[in-house]
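Dear colleague,

I am passing on the structure below, together with some notes on what turned up in it. Please read the notes with the coordinates open beside you.

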Amino acid sequence: MVDLNQLKEDLVTANRILADNNVLDSFGHVSIRHPDNPGHFLMARARAPMCVEIDDIMEFKLDGSVVSPEPGKPYSERFIHGAVLEARPDVTSVVHNHSPNIVPFTVVKKQCFCAVMHMAAPVGRNIPNWDIRDKFGDATNLLVTNMEMARDLTKSLGMRTVALMRGHGCVVVGRSLREVVFTSIYTEINAQMLVKALAMGEVTYLSDGEIAANTKGRAGFTLERGWENWCRQVDRPYHPLAWDMGPGFSCSDK
Ligand code: MN
């Protein structure tokens with residue numbers, strides 16, 4: 001039985017951690033599927049992530065409509081979360097961000113954003129770069145403000161972990177809140193490292209086999225270790241979750 005109040009506290013913590021780690025700034029958001037109703041999700045009202053409090057958490061249907069009494073205006077791009085959760089039963093948590101080191105990779109003609117270091121392996125290869133202009137023309141403000149746009153973005157994401165959004169940012173998905181926070185932080189770090197590597201010369205990316213091995217072997221222990229440290233950094237209480245070592249646990253995770 002999931003403690004809903006604790007889950008909301010964790011969602012507040014996730015907002016603070018992502019803001020502290022250069023993933024979210026005054027904008028961007030993180031959601032989690034409702035533990036008792038897979039057709040609903042939880043997300044803060046439209047507020048800067050570092051400022052989010054537990055009373056800001058709202059409940060939505062997957063079509064983006066508001067379920068709970070409104071503590072305030074909802075994020076205009078909440079549809080991204082609904083569409084991903086609708087299409088991907090394996091996904092529990094979604095982050096949409098404008099990570100500063102990611103955006104340059106969304107505007108270069110030749111797609112070159114791939115995982116280059118083991119902690120960022122779930123980022124993968126052949127990452128799609130969704131362009132809102134392809135289907136919705138050049139008169140949009142680039143924001144994903146309805147389900148039709150969000151479903152189109154989700155189609156581009158497919159079964160991957162990350163989809164870039166041209167001139168905007170990206171969407172990152174996870175099987176848990178801790179996982180999506182972990183992957184979002186390491187997606188941004190991967191981008192920082194890749195920019196440096198590309199400036200130095202030809203880059204060796206992780207192989208498909210290395211990506212698969214690292215992703216499969218990412219144990220709850222690893223996510224928990226990051227989460228505890230990030231809680232400390234933002235001065236939020238750490239509530240440990242039970243974890244297992246994962247099917248492919250290896251010493252590289254330690
Ligand atoms: Mn956005």
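**Cysteines**

With a relative accessible area of 37%, C51 is partly exposed. Please keep in mind throughout that this is a predicted model. The cysteine sulfur closest to that of C51 belongs to C231, and because the two are 18 Å apart, they are too far from each other for a bond. Seen from the other end, C231 is likewise in no disulfide, since its nearest cysteine sulfur, that of C51, is 18 Å away. C231 itself is buried, with a relative accessible area of 0%. As a disulfide requires two cysteine sulfur atoms within 2.5 Å, the count for this model comes to zero.

**The sheet**

The model contains an open sheet of seven strands, arranged in the order β3-β2-β1-β4-β7-β6-β5, and the pairing within this sheet is mixed. Its edges are formed by β3, covering residues 57–61, and β5, covering 129–130, each of which pairs on one side only. In general, the strands of a sheet pair through backbone hydrogen bonds, and they may do so in a parallel or an antiparallel manner.

Both senses of pairing can be followed at β6. On the side of β7, by contrast, β6 pairs in the antiparallel sense over four bridges, and here V162 stands opposite V172 of β7. The hairpin made by β6 and β7 has three residues between the strands, and G167 in this hairpin takes a positive phi near 65°.

The side chains of β6 are divided between two directions: V162 and L164 point one way, whereas A163 and M165 point the other way, and all of these residues are buried.

**The helix across the strands**

Helix α2, which spans residues 79–87, lies across β1 (29–34), β2 (37–44), β4 (93–97), β6 and β7 (169–174). Relative to β4, helix α2 runs at about 145°.

How values were computed:
Residues are numbered from 1 along each chain as its sequence is written. This is a predicted model: local features need pLDDT of at least 70, side-chain atom pairs count only at pLDDT 80 or more; totals for chains, interfaces and linings use all residues. Side-chain values use heavy atoms; hydrogens and water are left out. Buried means under 20% relative accessible area, exposed over 50%, partly exposed in between (1.4 Å probe, protein chains only). Two strands pair if DSSP finds at least two bridges between them. Contact means heavy atoms within 4.5 Å. Axes are lines fitted to C-alpha atoms, for helices over the stretch in contact, and angles run from 0 to 180 degrees between N-to-C directions.
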